[in-house]
Amino acid sequence: MARCLDGKIALITGASSGIGEATAKVFAENGAKLVLLARRKERLQILYEELQQKFNTQIYLIAADVRNYDQLEREFSLIPEEFKDISILINNAGLARGLEKIYEGSVKDWDEMIDTNIKGLLYVTKLVAPILLQKNSGHIVNIASLAGRAVYPNGNVYCATKYAVKALSEAMIIDFNGTNIRITNVDPGLVETEFSIVRFHGDAERAKTVYKGYKPLTGKDVADVILFCVTLPEHVTIQDILITPTAQATATIVSKKI
Ligand code: NDP
Ligand code: 8X3
């Protein structure tokens, strides 16, 4: 396959797992240089070694929490010169916590989702945007969700954060209009990652049931779509894209054979 990202530097948040990790692999295979960000440094380190070995990828790791703007600012100031010229930002770090009615929800869970999914995305974008603006080129991909198109029972605050991501993608499309910077909003449906384990606070058995009885998307399925979006000619933008498993019709209708 042609190495269609040759020479491009991509920053991927949430690269230690799931969609972010898969995107790092697909981008590496296609010749990108990578800046990979997540909190779990040891997981990033394993990925670093794998990608260096397989593809000889140049990688810079940032162990940081997207909720902490001061830490991000500090870490960004430390990015070595050869990794600074970022062209692609994948705003992927995010999570759900809990699945219950609003009046049963935990304030701690709400804060974590709002701070990560909304404020974290804004913080990283604020630090990368000047680099893209300076060269009047680049691509920001925001990973929202089908949950940002339709609220499902007990999804309340998680869905609200993804509606917010969708709104921010629309806002960015307007704000960056007149530049060559492209914005793509990606809405995946059910993807089997660590997402549900995190949502259910480590209950792996419960998490498994979410993906039982049908073929869910993999992180790589989503990563391949992201690659497609970011390798189109510069005058072509996919503003918004919805990807679901074939078995999934809506957020609540999934054909399961159990
Ligand atoms: P995973 O749990 O597998 O991955 C989430 C990633 O986000 C991890 O790398 C995690 O890294 C990172 N992350 C979480 N919180 C923070 C933080 N505060 N600072 C930095 N990094 C953070 O889930 P997915 O891959 O499924 O999720 C990726 C994105 O896709 C999320 O935004 C999610 O909402 C969205 N999505 C997922 C769907 C699904 O069905 N799985 C469907 C639609 C959208 P670490 O813990 O090391 O910091
Ligand atoms: C993740 C997909 O349906 O579990 O955004 O909310 S879902």
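Trainee: Where is Leu 168 placed?

Mentor: Leu 168 sits in helix H5. Helices (H or I, at least four residues) and strands (E, at least two) are DSSP runs, numbered from the N terminus. This is a predicted model: local features need pLDDT of at least 70, side-chain atom pairs count only at pLDDT 80 or more, and totals for chains, interfaces and linings use all residues. Residues are numbered from 1 along each chain as its sequence is written, chains are lettered from A and ligands numbered from 1 in the order in which they are written, and side-chain values use heavy atoms, with hydrogens and water left out.

Trainee: What does Leu 168 touch?

Mentor: Ile 118, Leu 121 and Leu 122, leaving aside residues up to four places away in sequence. Contact means heavy atoms within 4.5 Å. Asn 185 is 17 residues from Leu 168 in sequence, and their C-alpha atoms are 9.2 Å apart.

Trainee: How do you know how the span of H5 compares with the one expected?

Mentor: H5 covers residues 156-175, 20 residues in all. The expected span is 1.5 Å times one less than the number of residues. That gives 28 Å for H5, and its first and last C-alpha atoms lie 28 Å apart.

Trainee: Which residues of H5 are buried?

Mentor: Ten are listed, among them Val 157, Cys 159, Ala 164 and Met 172. Buried means under 20% relative accessible area, exposed over 50%, partly exposed in between (1.4 Å probe, protein chains only). Packed against the buried residues of H5 are helix H4 (107-135), helix H6 (195-199) and strands E5 (138-143), E6 (181-188) and E7 (240-243).

Trainee: What makes H4 and H5 parallel or antiparallel to each other?

Mentor: Their axes cross at roughly 15° and come within 9 Å. Axes are lines fitted to C-alpha atoms, for helices over the stretch in contact, with angles from 0 to 180 degrees between N-to-C directions. Under 35 degrees is roughly parallel, over 145 roughly antiparallel, 65 to 115 roughly perpendicular, and the rest oblique. H4 and H5 are therefore roughly parallel. In the contact, residues of H4 including Trp 110 and Thr 125 meet residues of H5 including Tyr 158 and Leu 168. By class, there are twelve nonpolar, three polar and one charged. Ala, Val, Leu, Ile, Met, Phe, Trp, Tyr, Cys and Pro count as nonpolar, Asp, Glu, Lys and Arg as charged, and the others, Gly among them, as polar.

Trainee: What covers the buried residues of H1?

Mentor: The cover includes strands E1 (9-13), E2 (33-38) and E4 (86-91), helix H2 (41-55), E6 and H8. Ile 19, Val 26 and Ala 28 are among the buried residues of H1.

Trainee: What about Asn 154?

Mentor: Asn 154 is partly exposed, because its relative accessible area is 30%. Its loop runs between E5 and H5. Phi of Asn 154 is near 70°, again positive in a residue other than glycine.
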